[in-house]
Amino acid sequence: MGKTDFEYFSRRMREEKDAAARATPIASQIHKELADRYAGVVAAYEKGRKEA
């Protein structure tokens, strides 16, 4: 994953967290789950970068 991908997933994670804060309870849960998925991708990228 390149820097552009990392920036994309980081931005999407922030956007989903922001959307979760504004959404109804059910939609908020969906936004939180998406944010968690993006956070996992970002964390895996950062871990891989540190090990390289």
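1. A residue is called buried when its relative accessible area is under 20%, exposed when that area is over 50%, and partly exposed in between, using a 1.4 Å probe and protein chains only. Glu7 has a relative accessible area of 42%, so Glu7 is partly exposed. Glu7 has its place in helix H1. The C-alpha atoms of Glu7 and Asp18 are 17 Å apart, and these two residues are separated by 11 residues along the chain.

2. A word on the source. The model is predicted, so local features need pLDDT of at least 70 and side-chain atom pairs count only at pLDDT 80 or more, while totals for chains, interfaces and linings use all residues. Residues are numbered from 1 along each chain as its sequence is written, and side-chain values use heavy atoms, with hydrogens and water left out.

3. Next, the overall fold. The protein chain has two helices and zero strands. Here helices (H or I, at least four residues) and strands (E, at least two) are DSSP runs, numbered from the N terminus. The C-alpha trace spans about 40 × 15 × 10 Å along its principal axes. The protein chain has 52 residues, and 21% of them count as buried.

4. Helix H1 covers residues 3–22, which makes 20 residues. The expected span of a helix is 1.5 Å times one less than its number of residues. The buried residues of H1 are Phe6, Ser10, Met13, Glu16, Ala19 and Ala20. These buried residues pack against H2.

5. Helix H2 covers residues 25–51. Its 27 residues should span 39 Å at 1.5 Å a residue, and the end C-alpha atoms are 39 Å apart, so the two values agree. Ser28, Ala35, Tyr38, Val42 and Tyr45 are the buried residues of H2. The buried residues of H2 pack against H1.

6. Which residues does Ser28 contact, leaving aside its neighbours within four places in sequence? They are Ala20 and Ala23, where contact means heavy atoms within 4.5 Å. Ser28 lies in helix H2. Ser28 is buried because its relative accessible area is 8%. Ala20 is one of the buried residues of H1.

7. Gln29 lies in helix H2 and counts as partly exposed, at 40% relative accessibility. From C-alpha to C-alpha, Leu34 and Arg49 are 23 Å apart in space, and they are 15 residues apart in sequence.

8. Now the aromatic rings. Rings of Phe, Tyr and Trp (its six-membered ring) pair if their centres lie within 6.5 Å; planes under 30 degrees apart count as stacked, over 60 as edge-to-face and the rest as tilted. By this rule there are three aromatic pairs. In one of them, Phe9 and Tyr38 are tilted, at 5.8 Å centre to centre with 40° between the planes. Phe9 lies in helix H1 and Tyr38 in helix H2, so this pair ties together parts that are 29 residues apart in sequence.

9. Tyr38 has a relative accessible area of 15%, so Tyr38 is buried. Tyr8, Phe9 and Tyr38 form one aromatic cluster.

10. Last, surface and charge. The protein chain exposes about 4,000 Å², and carbon and sulfur atoms supply 54% of it. Accessible areas come from the Shrake-Rupley method with a 1.4 Å probe; for residues, only the protein chains shown count as cover. The protein chain has 11 positive and 9 negative side chains, and the centres of the two sets lie 2 Å apart. Lys and Arg count as positive and Asp and Glu as negative, while His and the chain ends are not counted. The place of a charge is taken as NZ of Lys, CZ of Arg, CG of Asp or CD of Glu.
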